[in-house]
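Please look over the sequence and the model below before reading on.

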Amino acid sequence: MRVFNFAAGPATLPLPVLEQARDEMLDWQGSGMSVMEVSHRSKAFVAVAQQAEQDLRDLLSIPSNYKVLFLQGGATGQFTAIPLNLAGAEATVDYVNTGAWSKKAIGEAKRFCKVNVIADEAASNYSTVPAAASLRPTPGAAYLHYTPNETIGGVEFPYVPAAGDVPLVADMSSNILSRPIDVSRFGLIYAGAQKNIGPSGLVLVIVRDDLIGKARAGTPPIWDYEAMANEGSMLNTPPTFGIYMAGLVFAWLKREGGLVAIGERNRRKAEMLYAAIDSSGYYKSPVAANSRSWMNVPFTIPKPELEKTFCAEAAKAGLANLEGHRSVGGMRASIYNAMPLAGVEALIRFMGEFQRRHG
Ligand SMILES: *Cc1c(COP(=O)(O)O)cnc(C)c1O
């Protein structure tokens, strides 16, 4: 039986996508083999990669002066690749610290450049985002990096920082494709696939042309944006199954009505869940009201010793993986694009029942 899977990543995928992959598993496009067994240089696979890129461009309205790269090494690899590609050894780079993933990106950048942390939400225990007006990029900074959605803390920016001439770099691993965005505001967007795109093993980079071609000497070619762009992301063997699955997810998103429709659905799911938490007098959200994520919803109960019971009983009811991150405890419901409204409704019903029994 399929459950509602609230895992933060790898995460639930759209059922129609999984069904199509299953149906095509043994005989993909009449080839007599699975897509995993086909050459990445074959006409048929190159067409899959090109269609995936085109569908992503359509969904996000990516301007033609941006490259789309399908890379490996996860978002974590990009923590390293970004300073190597965008900043010289003497450069200053700006970072905003809103939680666990920001911190990891900052730690890595410090190995390669002078890092200015221009905002740090430590004072709120990372339950807030900085006020838009308080963000001032350092003049001449090579880029400004931020994490639009902190997957562990459940903190999401309700705005895009104004970076002026400084290229804005965003780790959208856990909220890419969750609502429309204006890509032209960004110099570079990256996202590990395993939250809102497909299986792990693939990381997406959307980068403006003028930021390519300046990688430091010694940058590994597989993380050099120019080298990868010149080879259509196939300088080496790409994660073919991941690209195929991402393509199926992009096509699914288009069939669902694109990012406007998906964004409305995500807003509704999140609003329902936060309303249930806030009105319960039992569950609590640790995140400031204006910074609450549509994708990752952490919540707590008055007696932490009941958290294990909550998660175990939820799992029995077909609601899987509601444990909070091991670093913060509590519960967390990740409700990415592929989580249907019915899953959120089932969770809210379960939360009501649990409160009646234990509250
Ligand atoms: C999951 C995640 C990462 C790490 O991704 P990997 O693919 O494991 O490297 C980085 N940033 C954010 C915001 C994430 O959600």
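No salt bridges are found by the rule across the interface of domain 1 and domain 2 in this predicted model. Polar contacts, however, do link the two parts: twelve residue pairs make them between domain 1 and domain 2.

- At least two residues each come from α2 (43-60), β7 (155-156) and α6 (240-255) on the side of domain 1 that touches domain 2.
- The most is given by α6, which contributes three residues to this side.
- By residue type, this side of domain 1 comprises ten nonpolar, ten polar and four charged residues.

**Domains and the area between them**

- The domain assignment divides the chain into domain 1 (16-255) and domain 2 (258-358).
- Between the C-alpha centres of domain 1 and domain 2 the distance is 27 Å.
- Contact involves 24 residues of domain 1 and 25 residues of domain 2.
- About 1,900 Å² is buried between domain 1 and domain 2, and 58% of this area is on carbon and sulfur atoms.

**Ligand surroundings**

- The ligand is surrounded by 13 residues, of which T76, T151, D171, Q194 and K195 are the closest.
- T76 places a polar side-chain atom 2.5 Å from an oxygen atom of the ligand.
- In the side chain of D171, an N or O atom lies 2.6 Å from a nitrogen atom of the ligand.
- The side chain of K195 has an N or O atom 2.7 Å from an oxygen atom of the ligand.

Methods. Residues are numbered from 1 along each chain as its sequence is written. This is a predicted model: local features need pLDDT of at least 70, side-chain atom pairs count only at pLDDT 80 or more; totals for chains, interfaces and linings use all residues. Side-chain values use heavy atoms; hydrogens and water are left out. Domain bounds come from an automatic or database domain assignment. Contact means heavy atoms within 4.5 Å. Buried area is the accessible area (1.4 Å probe) that two parts lose on being put together, summed over both. A salt bridge is a side-chain nitrogen of Lys or Arg within 4 Å of a carboxyl oxygen of Asp or Glu. A polar contact is a pair of N or O atoms within 3.5 Å; within protein, one must be able to donate a hydrogen and the other to accept it, and residues adjacent in sequence count only if both atoms are side-chain atoms. Helices (H or I, at least four residues) and strands (E, at least two) are DSSP runs, numbered from the N terminus. Ala, Val, Leu, Ile, Met, Phe, Trp, Tyr, Cys and Pro count as nonpolar, Asp, Glu, Lys and Arg as charged, and the others, Gly among them, as polar. A residue is near a molecule or strand if one of its heavy atoms lies within 4 Å of it.
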